[in-house]
Amino acid sequence: MKQPRPLHIPLLCILSLATMCSPPAANEEANENVSDSETIAPEGFKALFNGVDLEGWYTVSDGNGPDSLELFSAENGTIHAYPNQQAGSLQSFAGLVTKEEYGSYILTFDFKWGEKKFEPRTKNVKDAGVLFHIFDETDFWPYGVECQIQEGDLGDLWIIGARASARVDASEHYATNGELKTKGEIENKYHRFSRSFSWEVPGWNKVEVEVNGDHATFTINGKVVNEAIDMKYWDAEKNSWEPLTKGKILLQAEGAEIFYRNVFIKPL
């Protein structure tokens with residue numbers, strides 16, 4: 001995610017580290033869990049994306065590209081970001097946003113990268129994400145909490161104009177029994193907690209975000225990798241941080257072609 005972005009480690013280094021941290025057998029198992037034929041909502045879930053059109057969604061963008069073509073399209077049961085844009089061209093960062101708000105739920109979807117990258121990110125790793133509990137759309141990106149989708153960093157926690165805590169080890173990566181640390185203040189919009197390690201695999205990857213009011217857990221290909229605890233937003237009228245328990249959901253496109261499918265939600 002986000003703007004301004006920290007400097008990226010070269011992609012080769014990221015993928016090498018990810019490979020070292022992720023046992024090959026686990027990666028192979030995760031890849032098998034994502035089937036190309038998976039199109040039916042699991043029991044208790046409903047589809048947020050109907051597979052045919054983008055009904056129930058609207059688009060926001062930073063306005064830095066031409067936006068002369070649609071930035072998202074529905075194709076063959078997938079949401080396709082930057083479907084007709086020419087590789088290497090300047091394109092806006094954009095988000096596909098649900099018209100409805102959601103509070104406590106399990107959100108699941110699959111994603112895979114396309115081949116194209118766009119200015120100003122042609123030399124960066126491919127980047128996107130799912131933003132949830134959006135509570136302010138005045139600026140771009142909207143304020144809320146994000147499960148990062150980025151090569152080598154899949155499952156990072158981004159806190160955007162909000163506040164949250166996470167359990168981390170000495171290197172500030174997620175650890176189930178780690179020290180509880182809180183990030184977020186009014187003066188700085190973007191804060192990050194890194195995932196435990198990368199379980200990303202080639203092709204389709206499955207993301208699950210379980211949200212219980214002001215608490216969220218990120219699961220990548222069946223592995224829990226991060227957690228957002230005690231999420232809050234700044235209430236100017238009360239002059240205090242208040243529990244962040246609901247908001248819209250946004251699928252990101254940040255200068256890299258990406259496909260989303262099987263976007264399902266289950267109320268809790």
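**Salt bridges and a buried aspartate**

Trainee: Which side chain meets that of Glu172 in a salt bridge of 3.4 Å, N to O?

Mentor: This is a predicted model, in which local features need pLDDT of at least 70, side-chain atom pairs count only at pLDDT 80 or more, and totals for chains, interfaces and linings use all residues. Residues are numbered from 1 along each chain as its sequence is written, and side-chain values use heavy atoms, with hydrogens and water left out. A salt bridge is a side-chain nitrogen of Lys or Arg within 4 Å of a carboxyl oxygen of Asp or Glu. At 3.4 Å, N to O, the partner of Glu172 is Lys183.

Trainee: How many residues apart in sequence are the parts that Glu172 and Lys183 tie together?

Mentor: Strands are DSSP runs of E, at least two residues, numbered from the N terminus. Glu172 lies in the loop between strand S10 (163-168) and strand S11 (179-183), while Lys183 is in strand S11, so the parts tied together are apart in sequence by 11 residues.

Trainee: Is Lys183 buried or exposed?

Mentor: Buried means under 20% relative accessible area, exposed over 50%, and partly exposed in between (1.4 Å probe, protein chains only). Because its relative accessibility is 18%, Lys183 counts as buried.

Trainee: Which residues do salt bridges with shared partners join into one network?

Mentor: The structure holds 12 salt bridges. Those that share partners form one network of Asp153, Asp156, Arg192 and Arg195.

Trainee: Which backbone nitrogen does the side chain of Asp156 reach at 2.8 Å?

Mentor: Asp156 lies in the loop between strand S8 (143-150) and strand S9 (157-160). Its relative accessibility is 0%, so Asp156 counts as buried. Leaving aside neighbours within four places in sequence, Asp156 has contacts (heavy atoms within 4.5 Å) that include Glu146, Arg192, Arg195 and Asn226. At 2.8 Å, the Asp156 side chain reaches the backbone nitrogen of Arg195.

Trainee: How many residues apart are Lys206 and Asp110?

Mentor: Their side chains meet in a salt bridge of 3.0 Å, N to O. The pair links distant parts of the chain, with Lys206 in strand S13 (residues 205-212) and Asp110 in strand S6 (residues 105-117), apart by 96 residues.

How values were computed: Helices (H or I, at least four residues) and strands (E, at least two) are DSSP runs, numbered from the N terminus. A polar contact is a pair of N or O atoms within 3.5 Å; within protein, one must be able to donate a hydrogen and the other to accept it, and residues adjacent in sequence count only if both atoms are side-chain atoms.
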